[in-house]
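Q: Could you walk me through this structure, feature by feature? I would like to learn how to read each one.

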Amino acid sequence: METKLCISCKKNVTNDQGCVNFKCPNCGKYELIRCTVCRKNATQYTCPSCEFKGPN
Ligand SMILES: [Zn+2]
Ligand SMILES: [Zn+2]
């Protein structure tokens, strides 16, 4: 099974019911994963593919 890590804090989100997966809004190539905490705190993330930075 693939290990899913939050893009911002690198926490394992396998058991995080509130985590979200979404494609990078800029390049659409990379699947970004955010945990519940980072969503709540609007923690900044960076796409590893195109270096797009965003809170959403
Ligand atoms: Zn996180
Ligand atoms: Zn991207």
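Q: Which pattern does the chain follow, read along the sequence?

A: Happy to start there. This is a predicted model, in which local features need pLDDT of at least 70, side-chain atom pairs count only at pLDDT 80 or more, and totals for chains, interfaces and linings use all residues. Residues are numbered from 1 along each chain as its sequence is written, chains are lettered from A and ligands numbered from 1 in the order in which they are written, and side-chain values use heavy atoms, with hydrogens and water left out. Helices (H or I, at least four residues) and strands (E, at least two) are DSSP runs, numbered from the N terminus. Here the pattern is β-β-α-β-β, made of one helix and four strands. The radius of gyration of the chain is 10 Å, close to the 10 Å from the globule rule for 56 residues, so the chain is as compact as a globular protein of that length. That radius is taken over C-alpha atoms, and the rule is 2.2 Å times the number of residues to the power 0.38.

Q: What share of the residues counts as buried?

A: Buried means under 20% relative accessible area, exposed over 50%, and partly exposed in between (1.4 Å probe, protein chains only). Of the 56 residues in this chain, 23% count as buried.

Q: Which residues coordinate the zinc ion (ligand 1)?

A: For any metal site, look for donors: N, O and S atoms within 2.8 Å of the metal (3.2 Å for Na, K and Ca); water is not among the atoms, so sites may look incomplete. In this case the SG atoms of Cys6, Cys9, Cys35 and Cys38 coordinate the ion, at 2.2 to 2.3 Å. Along the sequence, these donor residues are spaced C-x2-C-x25-C-x2-C. Both Cys35 and Cys38 are buried.

Q: What geometry does the site of ligand 1 have?

A: Four donors count as tetrahedral if all angles lie between 85 and 135 degrees. The zinc ion (ligand 1) has angles of 106 to 115° among its four donor atoms, and its site is tetrahedral.

Q: And which residues hold the zinc ion (ligand 2)?

A: That ion is coordinated by the SG atoms of Cys24, Cys27, Cys47 and Cys50, at 2.3 Å. The spacing of its donors along the chain is C-x2-C-x19-C-x2-C. With angles of 105 to 114° among the four donor atoms, this site is tetrahedral.

Q: Are Cys24 and Cys27 buried or partly exposed, and why?

A: Cys24 counts as buried because its relative accessibility is 3%. Cys27 has a relative accessible area of 24%, so it is partly exposed.

Q: How many aromatic pairs does a search of the whole structure find?

A: A pair of aromatic rings is described by the distance of the centres and the angle of the planes. Rings of Phe, Tyr and Trp (its six-membered ring) pair if their centres lie within 6.5 Å; planes under 30 degrees apart count as stacked, over 60 as edge-to-face and the rest as tilted. The search finds two pairs. Phe22 and Tyr45 have ring centres 5.7 Å apart and planes at 70°, so this pair is edge-to-face. It links distant parts of the chain, with Phe22 in strand E1 (residues 20–23) and Tyr45 in strand E3 (residues 45–46), 23 residues apart. Tyr45 and Phe52 form a tilted pair, 6.4 Å centre to centre with 50° between the planes.

Q: What do these ring pairs link together?

A: They join Phe22, Tyr45 and Phe52 into a cluster. Tyr45 counts as buried, at 1% relative accessibility, whereas Phe22 is partly exposed at 21% and Phe52 is partly exposed at 26%.

Terms used
Four donors count as tetrahedral if all angles lie between 85 and 135 degrees; four count as square planar and six as octahedral if opposite donors are over 155 degrees apart and all others between 65 and 115; anything else is irregular.
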